[in-house]
Amino acid sequence: MLADLVQNTLDGLAAGSAYALLAVGFTLIFGVLRRVNLCYGPAIMLGCYAATFVHLSFGAGLLVLALVCVLASVLAGGYVERLCFAPHRKGSGIAAMVASFALWMQLEEVAILALPKHLYPFPALYDGKPIDLAGFTIRVEALVMLGAASVVCAALWWVLYRTRFGIAARAVIDSPLAAELSGISVPRVSMGVFALASAIGGLAGFLVSASFEQVTPMLGMWSTFKGLLAMMLGGLGSLPGAVAGALVLGLVEAHSQWFLGPQLRDLLAFLMLFMLLAIGPRWMTTR
Amino acid sequence: MDDYAVGVLTNIGLFGFLAISAYLLLLAGEMSFGQQAFFGVGAYSGGMLTAMGGWPLPLAVVAAMLLGALAALMVALPTLRLRGLYFAMATLAAAEMARIGFELLHWQVELEGEQTGPDGTQGFRGIRWVLENGIEPGAYLAIIWLVLAMVVGVVIALERTRLGATLRGVGEDPELAAALGVDVTRFKLGVAAAAGALAALGGVLYAHHNTYVEPRNFDIMLGVHSLAYALIGGLGTVFGPLLGVLVDIGLLEGSRVFQGYRMIVFGGLVALLLVFRPRGLLDERTVIWLRRRLSSLTPWR
């Protein structure tokens, strides 16, 4: 019993760190645009498909694949930004959201046309056996994921608080109007933040694909759902909140999967979000 | 008409109910990601009443609509205080809970030597009231479009009354509407209930057209599609959402020209369309212009 709890907690933290990367990307985009990008996950999925394509054609190694994944995600993200968000900067949030959904459908079909099988193998992040520590199995992939999430969060903090670009980005997040009046080019900063978020998403997609050793078109919806859930649980718009929400989501999922099964796991995750929104503290739902 | 055309036209009618349901909420200023849940509630409850309970379809339709309205009220009551994105996410969470609820629903009875009823992820087979009562696909199509025409008629009539003006007023500026004496929360609850009933109506008719439903039919994709239909077609008139359905199912799925590329075409078209017409093809301005043109063409007015 206790052993199960500890093992589940370890697994939950590993899943939570993947969610954290996704949620941080989502939050960055929401921060500068005040819009939800439903196509965030599908752009990542397309990046992973590009990497799979490179792997199948040239047999490239992991490092190259990671690079391809990140680059292709940034390109796909840029396409989404140009078509869905740049034109609606001052206009309707609903139109931008529906447009991003339309591109989701599009990217999914592009991926399926390029690689039509339902499932493709992805090279494994780590081939060896999991580490055995005092009776608990620790997957090396999980450690890499946790490490990557920590490094990305630290790097992001540095970028946001120690560079000129970061100051501009935070100014835009705080108040686009004030940022514009003080001479910051809001469209350019938004574009930069969007690219940064897509790169983080691409890295998350690569890590997830390589630790599950497969890619499917479902990766798009999965990333959007998990990232969105974690971001909303963390109170929307706060980066530390997004990380906390992601870890909570990972832990709750790992424990409920073990004790209740996969269907009730998902039910519980959505119930948690619903209750938080319906009866949670007011400050969490008025940002 | 060949079977294929009947099938496409039937689907246009069926998803038309869902699109109008999303449209009503959008007019009231709320974006729901969860109307598919009430479509599902209608499909499951209506199907259970006719296939397991032996009810006639018209009675089952009424019951399903009441249940849909009730379910919509249950979701709307705790969530309507939320704004914009938070409301969208809360309705999404509720709808996914409903979908998982359908997955967990196992309730079968033995009828004429066959197990009938919802069987979790295996779906719910044997909703055959329409077949058993000798209604041909063409006749069922006519029934669906007749009901849809009635709904459209009611919405048009309501939009011409004070109620319609209030609806758009609440959507445009809730504070102003409240200052003018409208009880915004109660009004929105009413709209949510009506939209839920409408979605359930579409759902029960859908279940009896397909004779088979499964939880996956009512996932988030259906919900976002219905939102997209309303927004592509336009928020100026109730014909807008129907135009949206027509563009997607009629033009792209029905024509078979774009087979394999349907979503690439559709996705790109929608995104581009929204750049130039963020409130859809038939937006308010276009509708007013069209009305003027029409009334200038009719000399007896």
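**Conventions.** I number residues from 1 along each chain as its sequence is written, and chains are lettered from A and ligands numbered from 1 in the order in which they are written. Since the model is predicted, local features need pLDDT of at least 70 and side-chain atom pairs count only at pLDDT 80 or more, whereas totals for chains, interfaces and linings use all residues.

**Chain A overall.** I looked up the secondary structure and found 11 helices and four strands in chain A, helices (H or I, at least four residues) and strands (E, at least two) being DSSP runs numbered from the N terminus. The radius of gyration of chain A, taken over C-alpha atoms, is 19 Å, which agrees with the value near 19 Å for a compact globule of 287 residues; that rule is 2.2 Å times the number of residues to the power 0.38. Along the principal axes, the C-alpha atoms of chain A fill a box of roughly 60 × 50 × 35 Å. Buried residues make up 49% of the 287 in chain A, where buried requires 20 or more other C-beta atoms, placed from the backbone, within 10 Å of the residue's own.

**Pro42(A).** I then checked Pro42(A), which lies in helix H2 (residues 40-58) of chain A and counts as buried because it has 28 C-beta neighbours inside 10 Å. Leaving aside neighbours within four places in sequence, Pro42(A) is in contact (C-beta atoms, placed from the backbone, within 7 Å) with Trp104(A), Leu107(A), Glu108(A) and Gly220(A).

**Core.** Of its 196 residues, Ala23(A), Val98(A), Ala99(A), Leu273(A) and Ala200(B) touch the most other members, and helix H1 (residues 2-33) of chain A gives the largest share, 15 residues.

**Contact of A with B.** I find 33 residues from chain A and 31 residues from chain B in the contact. On the side of chain A that touches chain B, the largest share, 14 residues, comes from H4(A).

**Sheet in chain B.** Finally, I traced an open antiparallel sheet of three strands in chain B, in the order E1-E2-E3, with pairing taken to need at least two DSSP bridges between two strands. E1(B) and strand E2 (residues 114-118) of chain B pair over three bridges, and Val109(B) stands opposite Thr116(B) in E2(B).

Conventions. Two residues are in contact if their C-beta atoms, placed from the backbone, lie within 7 Å. A residue is buried if 20 or more other C-beta atoms lie within 10 Å of its own, exposed if 12 or fewer, and partly exposed in between; C-beta atoms are placed from the backbone. A nonpolar core is a set of buried Ala, Val, Leu, Ile, Met, Phe, Trp, Tyr and Cys residues joined through C-beta atoms within 7 Å.
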